[in-house]
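Please look at the sequence and the model shown here, and take a moment to follow the chain from one end to the other before reading on.

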Amino acid sequence: MIDVDDWLHGTTTTLFSAFAVLAGIPKLLALDFMLTTMNSLGYGTAFTVFIGACWTLAGIGVWLRSWRELAVIGTWFITSGAIAAHLTNGDAFPYHLLAPVVLSAVILWYEGFWHHITPFLDEPRQIQTNE
């Protein structure tokens, strides 16, 4: 019998890793179409290569237990910045950037990260009365 939590974690981690590495390699190699896109957003070659290295390391680091949260949170911020950059540039909403956001949220949920941020969700609510 397959455990649903293990299947969900393995699937989302694999998809996230594949997306991150495939998004990072063209930027890391400074391919022409990536440089054209990043230059239209106002970013230079050095920043493009840096973002590519971040994406590639995140795709590898998500498999390492000690790097998992750092990799996922880092790509969350990179993707949020990319969405903001595209919107401020006047581009249409970049729907292709929603995939890493959703995968990041699922991985962080599985890791229990949201309970570190919002510990009040685990506590039972009590109503205080003036008795």
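The paragraphs that follow go from the overall fold to the pockets and end with the confidence of the model.

What you see is a predicted model, and its secondary structure consists of 6 helices and 0 strands. When contacts between residues at least 6 apart in sequence are considered, 68% of them join residues that are at least 24 apart.

We can turn next to the empty space. Rolling a probe the size of a water molecule over the atoms shows where such space is left. The largest pocket has a volume of about 420 Å³, and among the 22 residues that line this pocket, those closest to its centre are Lys27, Met38, Ala82, His86 and Leu97. Which helices each supply at least two residues of this lining? They are helix 1, which spans residues 4-28, helix 2 at 32-40, helix 3 at 45-61 and helix 4 at 68-88. Helix 4 gives the most to the lining of the largest pocket, with 6 residues. Sorted by class, the lining of the largest pocket holds 16 nonpolar residues, 5 polar residues and 1 charged residue.

The second largest pocket contains about 160 Å³ of space, and its lining is formed by Cys54, Leu57, Ala58, Trp67, Leu70, Ala71, Gly74, Thr75 and Ile78. Two or more of these lining residues come from helix 3 and likewise from helix 4, and helix 4 again gives the most, here with 5 residues. In the lining of the second largest pocket, 7 residues are nonpolar and 2 are polar, while no charged residues are found there.

The average pLDDT of the protein is 80, and 79% of the residues score at least 70. Among the elements, helix 3 has the highest mean pLDDT, at 93, whereas helix 6, covering residues 113-117, has the lowest, at 55. Where pLDDT is low, the predicted coordinates should not be read in detail.

Note on methods
Residues are numbered from 1 along each chain as its sequence is written. This is a predicted model: local features need pLDDT of at least 70, side-chain atom pairs count only at pLDDT 80 or more; totals for chains, interfaces and linings use all residues. Side-chain values use heavy atoms; hydrogens and water are left out. Helices (H or I, at least four residues) and strands (E, at least two) are DSSP runs, numbered from the N terminus. Contact means heavy atoms within 4.5 Å. On a 1 Å grid over the protein atoms alone, a cavity is a set of points where a 1.4 Å probe fits but cannot get out, and a pocket is an open set with protein on both sides within 12 Å along at least five of seven lines; lining residues have an atom within 4 Å of a point. Grid points are joined across faces, edges and corners, and a volume is the space filled by probe spheres set on the points. Ala, Val, Leu, Ile, Met, Phe, Trp, Tyr, Cys and Pro count as nonpolar, Asp, Glu, Lys and Arg as charged, and the others, Gly among them, as polar. pLDDT is the predictor's confidence in each residue, from 0 to 100.
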